[in-house]
Amino acid sequence: MRILVTGGAGFIGSHLCERLLADGHEIAILDDLNDFYDARLKTENLTAIRRLGPVEFYGGDICDENLVGTVFSTLQQEAVIHLAARAGVRPSVEQPVLYERVNVGGTVVLLEAARQHKVRKFVFASSSSVYGATNQVPFREDDLELQPISPYAATKIAGEKLAFTYAHLFGLDVTCLRFFTVYGPRQRPDLAIRKFITLIDAGQPIPFFGDGTTGRDYTFVSDTVQGIVAALHGRGSYEVFNLGNSAPVSLTTMVQTIAQALGQRAVLNRLPIPPGDVLLTFADIQKAGAQLNYHPQVSFEDGIRRMVAWYRAAKHS
């Protein structure tokens, strides 16, 4: 299958592209390599992907209609996996206009190009943040009382609704995947687990928000990739799936697990919970299990051990 992956040079995208190449697909990547974090890390990801096979790379903004049109016309791809986005809850509070432009406007540009070029499948990367301040635990896809508490979350809901509109009006086959705190090798340096590993290893204090009882449904990247691949091959009109681990881990436990894997002690810099942060994420994955055969394989403890091993290898390479 010919597949376009937006954001393919990023953390999740690079792992996904490696898997798609290993499965025998032809892939192209559209990524602007922006400076949200060190662009050299994305270049390294591209190098790793290319070791597994040929990749067409297009550098540019998903909001650029002319560029996107040219890419679609050139590739004639059968599927789009749309991972590209301005990421992060906290930065979105500071730059809501930018997040709306990229995450909403860019998604419309891609959906419209997919419609015009009769793309068979469109997979949209959404987020567990769409649930926001919901009182229903675990989070279920059929919860209609979504209460986003950050601009980032609101843009992801908008993306889902736009995707539904294109499925309804034009028959585009769309699957939306709500990712739950993905971690693993190559994780962005601004995200908690990667940041904490680096700081604890260096003996520096880590930012510790609240009393340690906040929880996240951490999901190892290989499990997330497995869910994306399953969604790619599914057929339908419009579906939404949670891709989580269905086993929330408290902040306190997360820090203790990382410190134990490193063999070091964590020094805490206690801070208030920032605006936009939710207290808990917890995925109900029954629907994904039933329809995508999605069954996470990597426990949190094993995932942290794997990530620490990768971190140490990368540090000394």
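**Strands, helices and a pocket in a predicted model**

Biologist: Which residue in β5 is the bridge partner of Ile81?

Modeller: This is a predicted model, in which local features need pLDDT of at least 70, side-chain atom pairs count only at pLDDT 80 or more, and totals for chains, interfaces and linings use all residues. Residues are numbered from 1 along each chain as its sequence is written, and side-chain values use heavy atoms, without hydrogens and water. Helices (H or I, at least four residues) and strands (E, at least two) are DSSP runs, numbered from the N terminus. In β5, Ile81 has as its bridge partner Val123.

Biologist: How many bridges pair β4 with β5?

Modeller: Two strands count as paired if DSSP finds at least two bridges between them. Strand β4 covers residues 79-82 and strand β5 covers residues 121-127. They pair in the parallel sense, and the number of bridges is four.

Biologist: Which strands stand at the edges of the open sheet of seven strands?

Modeller: The order of the sheet is β3-β2-β1-β4-β5-β6-β11, with parallel pairing. A strand with a single partner has one side left without a neighbour in the sheet, so the edge strands are β3 (55-59) and β11.

Biologist: By what angle are neighbouring strands of the open sheet of seven strands turned against each other on average?

Modeller: Axes are lines fitted to C-alpha atoms, for helices over the stretch in contact, and angles run from 0 to 180 degrees between N-to-C directions. In the sheet with order β3-β2-β1-β4-β5-β6-β11, with direction ignored, the average is 20°.

Biologist: Is strand β11 largely enclosed or open, and how many of its residues are buried?

Modeller: Buried means under 20% relative accessible area, exposed means over 50%, and partly exposed lies in between (1.4 Å probe, protein chains only). Strand β6 (residues 174-179) is joined to β11 by six bridges in parallel, and Phe179 stands opposite Leu243. Strand β11 spans residues 238-243 and is largely enclosed by the rest of the structure, because the buried count among its six residues is five.

Biologist: Which elements are included in what covers the buried residues of α7?

Modeller: Helix α7 (residues 192-201) has seven of its 10 residues buried, so the rest of the structure largely encloses it. Among the buried residues are Ile193, Phe196, Ile197 and Ile200. Contact here means heavy atoms within 4.5 Å. The cover includes β7 (182-183), β8 (206-209), α9 (251-262) and α11.

Biologist: What is the relative accessibility of Tyr294?

Modeller: Tyr294 is in the loop between α10 (286-292) and α11. Leaving aside neighbours within four places in sequence, its contacts include Asn242, Leu243 and Gly244. Tyr294 counts as buried because its relative accessibility is 1%.

Biologist: What is the C-alpha to C-alpha distance between Gln147 and Thr134?

Modeller: Gln147 lies in the loop between β5 and α6 (151-170), and at 36% relative accessibility it counts as partly exposed. Apart from neighbours within four places in sequence, Gln147 is in contact with residues including Val130, Tyr131 and Thr134. Gln147 and Thr134 are 13 residues apart in sequence, and in space their C-alpha atoms are apart by 6.0 Å.

Biologist: What is the omega of the peptide bond from Val137 to Pro138?

Modeller: Pro138 is placed in the loop between β5 and α6. The bond from Val137 to Pro138 is cis, with omega near -5°.

Biologist: What is the phi of Arg186?

Modeller: Arg186 lies in the loop between β7 and α7 and counts as buried at 18% relative accessibility. Its phi is positive in a residue other than glycine, with a value near 75°.

Biologist: How much space lies in the second largest pocket?

Modeller: On a 1 Å grid over the protein atoms alone, a pocket is an open set of points where a 1.4 Å probe fits, with protein on both sides within 12 Å along at least five of seven lines, and lining residues have an atom within 4 Å of a point. Grid points are joined across faces, edges and corners, and a volume is the space filled by probe spheres set on the points. The lining has 16 residues, of which Leu41, Glu44, Arg186, Trp310 and Ala314 lie nearest the centre, and α2 (39-50) and α11 (300-315) each supply at least two residues. The space in this pocket is about 320 Å³.
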